[in-house]
Amino acid sequence: MNPGNPVISIRNVGRAFGNKQVLENISLEVEQAETFGILGPSGSGKTTLVKLLTGIDETTSGEVFVLGVKMPKLAMLQQIGYMAQSDALYTELSAKENLEFFAALYGLKGEQRSRRIKAVMELVNLEEHLRKRVDQYSGGMKRRLSLAIALLHEPPVLILDEPTVGIDPVLRLSIWKELKALNRKGTTIVLTTHVMDEAEKCDRLAMIRDGKLLAVDTPTGLLQATSTDSIEEAFLYYGGVRS
């Protein structure tokens with residue numbers, strides 16, 4: 001990691017929809033090659049925050065920089081792998097056709113395209129279902145295909161919104177193993193979760209509630225700061241719930 005040059009910089013960011021303030025004065029930085037978790041309950045603002053990172057949405061106040069570029073910026077799509085909470089798939093097409101479509105968007109051609117499609121489908125354990133139409137996939141299979149698409153172009157920044165919801169525990173383990181392997185290759189990963197055991201696997205965590213940042217630290221640091229035994233207890237502590 002290079003502390004002097006963060007991959008993602010969020011500076012005094014706010015986002016409002018009409019009179020509703022969804023994010024309020026969020027500032028944090030993500031360093032290269034770390035897995036950075038955003039932990040919070042449903043409705044806390046996690047998805048809104050990752051949409052600002054990808055450039056899908058714009059801030060009401062403050063600034064977001066990814067790889068030194070102020071977002072939103074269309075050209076940054078090549079640099080970011082994004083897995084949304086709801087699967088953005090063409091269900092009337094096969095998995096192979098979906099992958100080929102996104103590969104074309106990312107500029108992958110020929111042998112490289114074939115190699116990457118094979119590699120990502122093996123990773124998510126869907127290689128036997130490559131030619132199956134996506135409307136015949138189960139919910140968990142669609143999540144896995146969405147992850148495969150996000151990984152397709154080997155982006156330096158990977159943004160995953162609740163990536164393992166609906167995925168069985170064995171496959172979840174193998175996906176986490178792959179995420180850590182990507183970190184070792186230099187990939188920076190930001191993921192949202194409300195699953196406590198996944199939060200513990202992150203290098204650092206931001207706890208968010210009602211659009212406000214409660215704390216940012218390593219999982220161990222959060223436990224030490226709150227004198228608690230679990231991430232769940234630490235989250236409750238920062239949320240003002242004392243046992």
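Me: Which residues in H7 meet which in H8?
Reply: Pro219, Leu222, Leu223, Ala225 and Thr226 in H7 meet Ile231, Ala234, Tyr237 and Tyr238 in H8, where contact means heavy atoms within 4.5 Å. Helices here are DSSP runs (H or I, at least four residues), numbered from the N terminus.

Me: And how many nonpolar, polar and charged residues has that contact?
Reply: Eight nonpolar, one polar and no charged residues. Ala, Val, Leu, Ile, Met, Phe, Trp, Tyr, Cys and Pro count as nonpolar, Asp, Glu, Lys and Arg as charged, and the others, Gly among them, as polar.

Me: Before I go on, what should I know about the model?
Reply: It is predicted: local features need pLDDT of at least 70, side-chain atom pairs count only at pLDDT 80 or more, and totals for chains, interfaces and linings use all residues. Numbering starts from 1 along each chain as its sequence is written, and side-chain values use heavy atoms, with hydrogens and water left out.

Me: At what angle do H7 and H8 pack?
Reply: About 55°, with the axes of H7 (residues 219-226) and H8 (residues 231-238) 9 Å apart. Axes are lines fitted to C-alpha atoms over the stretch in contact, and angles run from 0 to 180 degrees between N-to-C directions.

Me: Switching over, what about H3 and H4?
Reply: H3 (residues 110-123) and H4 (residues 139-151) pack at about 140°, with their axes 9 Å apart. Arg116, Val120, Met121 and Leu123 in H3 meet Leu145, Ala148 and Leu151 in H4. By class, that contact has six nonpolar, no polar and one charged residues.

Technical notes: Helix = DSSP H or I, 4+ residues; strand = E, 2+ residues; numbered from the N terminus.
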